[in-house]
Amino acid sequence: MSLREKIAREIESRGPMPFDRFMSLALYDPEGFFGGQRLRSEKAGDFLTSPEVSALFGETLARLVSAERERIGEPFQVVEVAAGSGTLLGPLLRVAPTPAMAVEVSPAAREALRASLPAIDVVDRLPQSMRGVVIANELIDNLPMAVAQKTGDGWRERWVGLEEDRFTFIDAPPRNEVTLWLEEYAGEVPDGGWVEVQLEAARWLEDVLSRLEAGSVVIFDYGDTATNLVPRRADGTLRTYRAHHLGPHPLDEPGATDITADVNFTALEAVAGLAGAVVTLHRQDDFLCGLGLRQRLSEIRQEELEAARAGDTDQGLRARSLRIEAETLLHPRGLGDFRVLVIVK
Ligand SMILES: C[S@@+](CC[C@H](N)C(=O)[O-])C[C@H]1O[C@@H](n2cnc3c(N)ncnc32)[C@H](O)[C@@H]1O
């Protein structure tokens, strides 16, 4: 039975499903986008993330890991959640050799991680307790979320139903937890506006912080504070990606596209605050420059110049491609505009 049939059968037998249930099946069922045998996060895959753009990303984070190790002492471990193909951990561990673990729910990603990083533990769930640095790049935007729309009569949820064999959004009263989240974190949304309700993200962070004895959690993703997200609310931010481009409507091809939305960092800051941690939110360009990437970029430019003067084409090309990678990580309207939430415990 295909994933589409599986979802349709569930709706036929139990009635419409909340969008978070649909997204969970579409992404994480064994036939789902991340559940299947294809590795999604790689240059030839469906999206290009910071660690896939450049090893400089992991190398730069090594500095943060070393500083945290200095601060909290041993035992110490780097735990990367949603480690994808290992392109963050590999360069990081080369610069700062550290006990490390990769947590991945995707079987294809776990296989890739075991092949590329044979010395580290690759698991499908968080360890019971952790001391060190937990890193998650582009995880939160993929955690299942509900969707709600503001109407003249207040908030309504959009669940998934079936009409003439097509999945379609249908009106449903908001569940209590959804209403509570919207009241806290939706911001001033105009009538007709759409909001992605990121309850699973809050649960994930609560869980991580309850397991982290000391250290920090560093979360990279697209999104913004609740207030800054308001201008994006007219149509909401739910979307799909396939082969590096925006894909079809999120209900149209479950399992065949990445489903994602901008992360509401205000809601995550609140979870961390309640756990008694110290929280700061940064832009990715500022954050990486604070860890020395701007300095590294100047050195690379200098190498490029010297190679050109010496007529060393190979070295010149190597430096040029590194420079372009660093500039891509820092691009103010691209990856540089991502947000970084740093939670210190
Ligand atoms: C957009 S990819 C990012 C991969 C990688 N971090 C990168 O930047 O290239 C999202 C990844 O999150 C993984 N994932 C989703 N939920 C997860 C969870 N609860 N625990 C661990 N990994 C998860 C998916 O399997 C997928 O590989």
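Of the 19 residues around the ligand, which come nearest? In this predicted model, they are Tyr28, Thr49, Ala82, Glu104 and Asn137.

**Close-up 1. The ligand and the residues around it.** The shell around the ligand is made up, by class, of ten nonpolar, six polar and three charged residues. Among the pairs of atoms that can be picked out here, a polar side-chain atom of threonine 49 lies 2.6 Å from an oxygen atom of the ligand, while a polar side-chain atom of glutamate 104 lies 2.7 Å from an oxygen atom of the ligand. Alanine 82 takes part through its backbone, with an N or O atom that lies 2.6 Å from a nitrogen atom of the ligand. On its own the ligand has 600 Å² of accessible area, and the protein covers 93% of this.

**Close-up 2. The largest nonpolar core, seen around leucine 61.** This core has 42 residues, of which Leu61, Leu92 and Phe287 touch the most other members. Helix H4, which runs over residues 55–72, gives the most to the core, with seven residues. When residues up to four places away in sequence are not counted, leucine 61 touches Leu88, Leu92, Ile135, Phe220, Phe287, Leu288 and Leu291. Another core, of 29 residues, lies apart from the largest one and includes Leu126, Leu209, Ile219 and Phe265.

**Close-up 3. Helix H2 and its cover.** Helix H2, residues 19–28, is mostly covered, with seven of its ten residues buried. The buried residues of H2 are Phe19, Asp20, Phe22, Met23, Leu25, Ala26 and Leu27. Their cover includes helix H1 (3–14) together with strand S1 (17–18), strand S6 (146–151), strand S7 (154–163), strand S8 (166–172) and strand S14 (258–260).

Close-up 4. Arginine 339 is found in strand S17, which spans residues 339–344. Arginine 339 counts as buried because its relative accessibility is 11%, and the cut-off for buried is under 20%. Its side chain makes a polar contact with the side chain of aspartate 224 at 3.0 Å, and the side chain of arginine 339 also reaches the backbone oxygen of aspartate 337 at 2.6 Å. Leaving aside residues up to four places away in sequence, arginine 339 touches Ile219, Phe220, Asp221, Gly223, Asp224, Phe265, Leu281, His282 and Arg283. Of these neighbours, Phe220 is also touched by leucine 61, whereas Ile219 and Phe265 are among the residues of the core of 29.

How values were computed
Residues are numbered from 1 along each chain as its sequence is written. This is a predicted model: local features need pLDDT of at least 70, side-chain atom pairs count only at pLDDT 80 or more; totals for chains, interfaces and linings use all residues. Side-chain values use heavy atoms; hydrogens and water are left out. A nonpolar core is a set of buried Ala, Val, Leu, Ile, Met, Phe, Trp, Tyr and Cys residues joined through side-chain atoms within 4.5 Å. Buried means under 20% relative accessible area, exposed over 50%, partly exposed in between (1.4 Å probe, protein chains only). Helices (H or I, at least four residues) and strands (E, at least two) are DSSP runs, numbered from the N terminus. Contact means heavy atoms within 4.5 Å. A residue is near a molecule or strand if one of its heavy atoms lies within 4 Å of it. A polar contact is a pair of N or O atoms within 3.5 Å; within protein, one must be able to donate a hydrogen and the other to accept it, and residues adjacent in sequence count only if both atoms are side-chain atoms. Accessible areas come from the Shrake-Rupley method with a 1.4 Å probe; for residues, only the protein chains shown count as cover. Ala, Val, Leu, Ile, Met, Phe, Trp, Tyr, Cys and Pro count as nonpolar, Asp, Glu, Lys and Arg as charged, and the others, Gly among them, as polar.
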